[in-house]
Amino acid sequence: MKRVKKILNDTADIVAETIAGLVLASDGTTRLLDGHAVLLRQPSAKQSGRQGKVALLVGGGSGHEPLFSGLVGQGLADAAVCGNVFAAPSPDAIAAATQAIDDGAGVLYVYGNYAGDVMNFDMGAELADDAAITVRTVRVRDDVAAAPPERHHDRRGIAGDLFVVKIAGSACESSETLDEAWRIAAKAEANTRSIGVAVSAGSIPETGRPTFELGDDEIEIGMGAHGEPGVSRQKIGPADAVVDQMMAALLPDLPFNRGDEVALLINNLGSSTMMELLIANRRIRHCLDAAGIGVHRTEIGHFLTTQEMAGYSITLLKLDDELKRHLDAPARSVAYSRG
């Protein structure tokens, strides 16, 4: 298996150096939490004069930049806790981040539904409880290829994290209680569905090796963010046929119905071209128009990546007036800005 070329320093320093570079790129709007791979919003809501704000903590394995560390900022997350590449952050780091951002109103956790993250964030919540901090959790489970609808709780989180974090950030800014912020974020999660297609593999920097192999003429529909198996490995075909296959899996799942309005996200898994994403967008809009579904907003770009994996994912968020208001609320971070 051919090695993947990257320009790095010591692989043991990847996470620390990545976060350090992001802090510098934020121009003073983030800072590091001493002793932990945790990025904090700067100034915090407390420092800016807002007392008793519900805090939002996001996180997961590194290697998916700009998620999650790039979503720390105004109207988004108050902190992101970063694990090693494709690995869950530690319970101690999660607990330290929770204590750093709690302003007395409790902390909302939002992260992707992976076993290691679930275990460690649950342990972090237990440590927070010992410190008299109330925590509620929303696990993003948007990948329709990971399990059938009746096992929604087993699905993994992929690029739908972006929409859920955006709405959760707005809800935490405006809600009077943690329960209210949780309700809005949970509704966003329940209304979000995604599916991806991989053309080639990403890699783990420590090994320099691809995480899976696909033939030169093969793609995989539904592959997960770390190379988890999808629903169909097949010969590559025209873009319209690939999109049609993906949309045929997405639209019935919620289901999305005629008259619905959605937010659309086309996420670059790492090294696909904007040309490919725009060609996909053209066909996605054709499918949505044919189904009588309106598009309120479109996001196209890098949001959840897997190093140099080639391919993209499609995410649909079914909107109502409340979700639309929070989705459109102002937000600003290194990786994402609105309003």
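Mentor: Start with handedness. A crossing is left-handed if the near helix is turned anticlockwise from the far one by less than a right angle, and right-handed if clockwise. The model is predicted, so local features need pLDDT of at least 70, side-chain atom pairs need 80 or more, and totals for chains, interfaces and linings use all residues. Residues are numbered from 1 along each chain as its sequence is written, and side-chain values use heavy atoms, without hydrogens or water.

Trainee: Which hand does the crossing of α6 and α7 have?

Mentor: The crossing of α6 and α7 is right-handed. Both are DSSP runs (helices: H or I, at least four residues; strands: E, at least two; numbered from the N terminus).

Trainee: What makes α6 oblique to α7?

Mentor: The axes of α6 (residues 239-250) and α7 (residues 274-290) cross at roughly 50° and come within 9 Å. Axes are lines fitted to C-alpha atoms, for helices over the stretch in contact; angles run from 0 to 180 degrees between N-to-C directions. Under 35 degrees is roughly parallel, over 145 roughly antiparallel, 65 to 115 roughly perpendicular, the rest oblique. So α6 is oblique to α7.

Trainee: Which residues of α6 make the contact?

Mentor: Ala239, Asp240, Val243, Asp244 and Met247 do. Contact means heavy atoms within 4.5 Å. Among their partners in α7 are Ile279 and Arg283. The contact residues divide into 8 nonpolar, no polar and 4 charged. Ala, Val, Leu, Ile, Met, Phe, Trp, Tyr, Cys and Pro count as nonpolar, Asp, Glu, Lys and Arg as charged, the others, Gly among them, as polar.

Trainee: Why is α4 called roughly perpendicular to α8?

Mentor: Helix α4 (residues 161-174) and α8 pack at about 90°, with axes 8 Å apart. That angle makes α4 roughly perpendicular to α8. Phe163 of α4 and Leu323 of α8 are among the contact residues.

Trainee: Why do Tyr109 and Phe121 count as edge-to-face?

Mentor: Rings of Phe, Tyr and Trp (its six-membered ring) pair if their centres lie within 6.5 Å; planes under 30 degrees apart are stacked, over 60 edge-to-face, the rest tilted. The centres of Tyr109 and Phe121 are 5.4 Å apart and the planes stand at 70°, so the pair is edge-to-face. Tyr109 sits in β5 and Phe121 in α3, 12 residues apart.

Trainee: What puts β11 and β13 at the edges of the sheet?

Mentor: The open sheet has 6 strands in the order β11-β10-β7-β14-β12-β13, with mixed pairing. Two strands pair if DSSP finds at least two bridges between them. β11 (232-235) and β13 (294-301) each have a single partner, so one side of each lacks a neighbour in the sheet.

Trainee: How many bridges join β12 to β14?

Mentor: There are 7, and these two strands run antiparallel. Ile266 stands opposite Ile314 in β14.
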